Amino acid sequence: MNLSGKQQTFLRMLPAVDYILELAKTDSLFDNVPKSVLVRSIRSVVENFRMTIIEDQQDLTEADLSDANLLNKIKNRVKIAMAPMLTRVINATGVVVHTNLGRSLLSDDAVQNLLAIASGYSNLEFDLSKGMRGSRYSIVENILCEISGAEAAMVVNNNAGAVFLSLETLAKDKKVIVSRGELVEIGGSFRIPDVMAKSGGILREVGTTNRTHLKDYENAIEHDTALLLKVHKSNYSVVGFTAEVSLEALVALGAKYKIPVMEDLGSGTFVDLSKYGLLKEPTVQESVKAGADIITFSGDKLLGGPQAGIMVGKNDLLMKIKENPINRALRIDKLTLAALESTLRHYRNIDREMDSIPTLRMLTLSLAHIESKAKTLAKMLENISDTRLSVDLIDTSSRPGGGSLPLLTLPSKGVGLNVRGISANAVEEQMRNHELPIIGRIEEDLFIMDLRTLLDDELPIIKHAVEHMLKKA
Ligand SMILES: *Cc1c(COP(=O)(O)O)cnc(C)c1O
């Protein structure tokens with residue numbers, strides 16, 4: 001590689017790590033920074049400069065390589081390295097079960113219980129009445145049976161795990177019949193055919209993308225058919241000339257041939273959301289009543305609890321699933337159990353405790369309530385005296401998200417921010433890079449925040465972020 005004289009000079013100017021370490025001692029900001037962090041930050045800044053020089057970027061000057069500038073760059077790097085990677089954010093997207101932003105928020109009860117269990121010993125696997133070893137699964141089994149009406153229940157790490165474990169236990173090296181209209185991909189690489197293959201189950205597709213009939217299932221039944229599987233179309237919908245077989249009909253067919261029926265509900269809910277003005281999603285209780293032998297669903301979608309995979313159904317099948325050694329690899333941890341039990345307890349009295357579960361509260365907020373929150377936020381922002389800022393109340397729509405209620409959009413209210421001299425994209429970036437990041441969206445060249453997913457105590461933080469952005473600009 002041929003380097004110019006200027007490039008060679010610049011390369012020689014790059015200091016050694018030890019030199020900068022000494023230099024850093026003169027700045028109190030580095031006092032409490034672990035040496036490992038400091039050294040990595042120094043190396044990365046120096047390496048960046050080395051690349052810039054080698055690429056011969058013309059705008060590089062001698063001043064860029066001054067001690068002061070290097071230290072500044074290293075300070076920024078250290079600040080980033082010292083900040084926690086996993087951090088709270090403000091969800092102003094209006095997507096309630098936002099997969100990228102942590103899906104469901106826990107209820108206050110769930111958070112309190114999680115804290116108590118995290119900070120003390122617990123009866124996780126200890127039967128207090130007998131004074132001997134107990135099972136961690138028993139913590140939520142009774143309440144799951146009580147709410148769902150099922151004979152038995154079991155929980156694992158997430159619903160993907162629940163589906164995998166069920167298939168591995170019940171259908172390894174045997175055939176599983178699934179409608180072609182239900183071979184779904186959930187995103188994040190969960191695809192029914194792939195999970196089936198990994199579990200050892202042999203996929204037997206029947207019907208067509210838009211229409212599958214009972215006789216399609218019946219004609220496909222063979223001596224080694226282990227399971228009839230129904231998968232809830234969580235994140236898409238087939239409309240038009242369509243036909244699918246009801247769970248009841250599948251259960252009757254299964255009974256005739258003595259083949260168990262499994263249903264993957266995805267975003268399982270215990271509440272008939274159509275009672276609250278949302279679209280109808282099948283409830284877990286309905287699937288139990290229809291006679292499904294095993295039903296799997298997530299803990300952190302419409303249920304509004306922690307990440308978990310829940311299985312309810314017939315005792316004999318769940319016994320086999322519990323005894324599967326793979327179970328141990330998908331084991332639910334005590335913090336999740338603590339949060340899950342508290343979440344489930346709300347469902348004993350859900351008509352009164354709907355609002356305790358943030359996911360359900362946000363999904364069922366009245367438009368008037370959202371509008372009044374939007375007005376509060378707009379007023380707070382209008383109080384910032386800066387002529388560059390204009391604040392708009394706007395009509396928008398939110399989505400349930402999380403692979404639930406795919407066709408539903410919910411009318412909502414938002415606040416739009418326009419800052420003269422700063423593009424909508426730049427506003428979005430500034431808000432996203434606030435110390436408590438604010439994630440909104442851009443609609444028609446306007447940065448907007450949907451009030452459906454904003455918590456009351458987040459409004460002053462948003463005001464602070466906007467003030468900070470204006471000060472910097
Ligand atoms: C979301 C979903 C899954 C995966 O559940 P996780 O809890 O994300 O592991 C599986 N099946 C269906 C139908 C889903 O909607």
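Reader: Which helix and strand each supply at least two residues of the shell around the ligand?
Author: α7 (159-171) and β11 (261-266) do. Helices (H or I, at least four residues) and strands (E, at least two) are DSSP runs numbered from the N terminus. This is a predicted model, where local features need pLDDT of at least 70, side-chain atom pairs count only at pLDDT 80 or more, and totals for chains, interfaces and linings use all residues. Residues are numbered from 1 along each chain as its sequence is written, and side-chain values use heavy atoms, without hydrogens or water.

Reader: Which residues surround the ligand?
Author: Among them are Arg-103, Ile-186, Phe-190, His-232, Asp-264 and Lys-301, where near means a heavy atom within 4 Å.

Reader: What lies 2.8 Å from an oxygen atom of the ligand?
Author: A backbone N or O atom of Ala-160. A polar backbone atom of Asn-159 is 3.1 Å from a ligand oxygen; a polar contact is a pair of N or O atoms within 3.5 Å.

Reader: How much of the ligand does the protein bury?
Author: The protein buries 95% of the 380 Å² that the ligand exposes when taken alone, by the Shrake-Rupley method with a 1.4 Å probe.

Reader: Salt bridges, then. How many does the structure hold?
Author: There are 31, each a side-chain nitrogen of Lys or Arg within 4 Å of a carboxyl oxygen of Asp or Glu. One of them pairs Glu-141 with Lys-322, closest N and O atoms 3.0 Å apart.

Reader: Where do Glu-141 and Lys-322 sit?
Author: Glu-141 is in helix α6 (residues 138-148) and Lys-322 in helix α12 (residues 315-323), 181 residues apart.

Terms used. A polar contact is a pair of N or O atoms within 3.5 Å; within protein, one must be able to donate a hydrogen and the other to accept it, and residues adjacent in sequence count only if both atoms are side-chain atoms.
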